[in-house]
Amino acid sequence: MKSNQTMRAVAIDEFGGIDKMKPRKLPVPEVAADEILVRVDTAGVGVWDPFEREGRFAKEFGIKANFPHVLGTDGAGTVEAVGGDVHNLKRGDRVYGINLMSPKGGFYAEYAVIKANNAATIPQALSTREAGVLAVDGVTALDGLDKTLKLKAGESVLILGASGGIGHLAVQLAKRMKARVLAVASGQDGVEFVKRMGADKVIDGHREDVLKAAREFAPGGLDAALLTTGGKAAKQAVEALREGGRAAYPNGVEDPPQARDGVKIMSYNGEPDPHTFAKLNELIEGGPFEVHIARTFKLENAAEAQQALNDHYLGKLALVLN
Ligand SMILES: NC(=O)c1ccc[n+]([C@@H]2O[C@H](COP(=O)([O-])OP(=O)(O)OC[C@H]3O[C@@H](n4cnc5c(N)ncnc54)[C@H](OP(=O)(O)O)[C@@H]3O)[C@@H](O)[C@H]2O)c1
């Protein structure tokens, strides 16, 4: 790649509403020793991307933004160049990864720079498109089930928001971890979708009684619950835990459940690192795995994509770069 080359991107000049998002021509970012340059094929559009745009991540993590800031926290593509200290990835590899408020910008662009430790090769079983929406939600699903809940084979787990981004991945990962899965999905279309993901039992959390379904599924109480949304259904999931049971929710979930005697409720963040990516890839390679993209948008329609985050949809939204 020649220096001074420009790329198409969607960036903001200041934090704010959707109207701040502008298609731009910007310089391709330069790679440091511990980084890779990726030609982006697909960028994830996460429910947290509006937080990035509004400046909430910058404030929370004490990061000073480098405007114009290219948006987008995860994505996938092909390695174009590697820094001098990177030995596990090479030019031409298909990779996916995470970039949160990097001063070099994110994935709403033709090229993105990622720390090599925040990236991994794409499992054979997945297309580059699917991998484009996998990184944040996949790592967060796995960290919830594995590091936080310490889910064991044979245990019962309720997954709330099972037709959403984290949820549909968590259902498949929990089945690979040999747990019994009660999935609480959104809408009849969500129920049909999550049955396909292999859950042992699926209910519609907007229409059915979560507590009743959980008591039928695990009469002695649930061992664990992964909550990707809050409110009444989350409260009922916690109520259905056995004595000594545990629940986890990623930070960002609104109206999370309150603590209850005899159960543990933990909030956590998905933390990308080579070990987690390796485990995620290994579980995904263990058989057919679906990363579901409900709708795709062109890069220049990124604002429309962020608007669509407010609609009901299954799985994920994505920007496609080619
Ligand atoms: N801290 C971290 O590291 C981290 C990382 C990733 C995500 N997060 C946070 O985790 C949360 C989930 O992320 P996500 O990407 O999975 O979002 P998502 O795709 O919006 O998933 C949430 C799902 O819950 C569904 N839902 C809401 N109420 C329900 C109910 N009563 N019964 C059944 N389903 C219900 C929603 O469907 P409807 O909209 O159709 O109701 C949606 O599909 C967000 O708050 C996000 O900010 C945190």
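These legends go with a few close-up views of a predicted model. Local features need pLDDT of at least 70 and side-chain atom pairs count only at pLDDT 80 or more, while totals for chains, interfaces and linings use all residues. Residues are numbered from 1 along each chain as its sequence is written, and side-chain values use heavy atoms, with hydrogens and water left out.

View 1. From His-312, a polar side-chain atom comes to 2.6 Å from an oxygen of the ligand. The protein buries 82% of the 910 Å² that the ligand exposes when taken alone (Shrake-Rupley method, 1.4 Å probe).

**View 2. The shell around the ligand.** It holds 26 residues (a heavy atom within 4 Å of the ligand). By type, that's 11 nonpolar, 14 polar and one charged, with Gly counted as polar. Helix α4 (135–148) gives the largest share, three residues; α5 (165–176) and β10 (180–185) each supply at least two. Helices here are DSSP H or I runs of at least four residues, and strands are E runs of at least two.

**View 3. An open, parallel sheet.** Its six strands run in the order β11-β10-β9-β12-β13-β14, where pairing takes at least two DSSP bridges. Edge strands β11 (201–204) and β14 (264–268) have a single partner each, so one side of each lacks a neighbour in the sheet. Strand to strand, the twist averages 15°.

Key. Polar contact = N/O pair within 3.5 Å; in protein donor to acceptor, adjacent residues only side chain to side chain. Axes fitted to C-alpha atoms, helices over the stretch in contact; angles between N-to-C directions.
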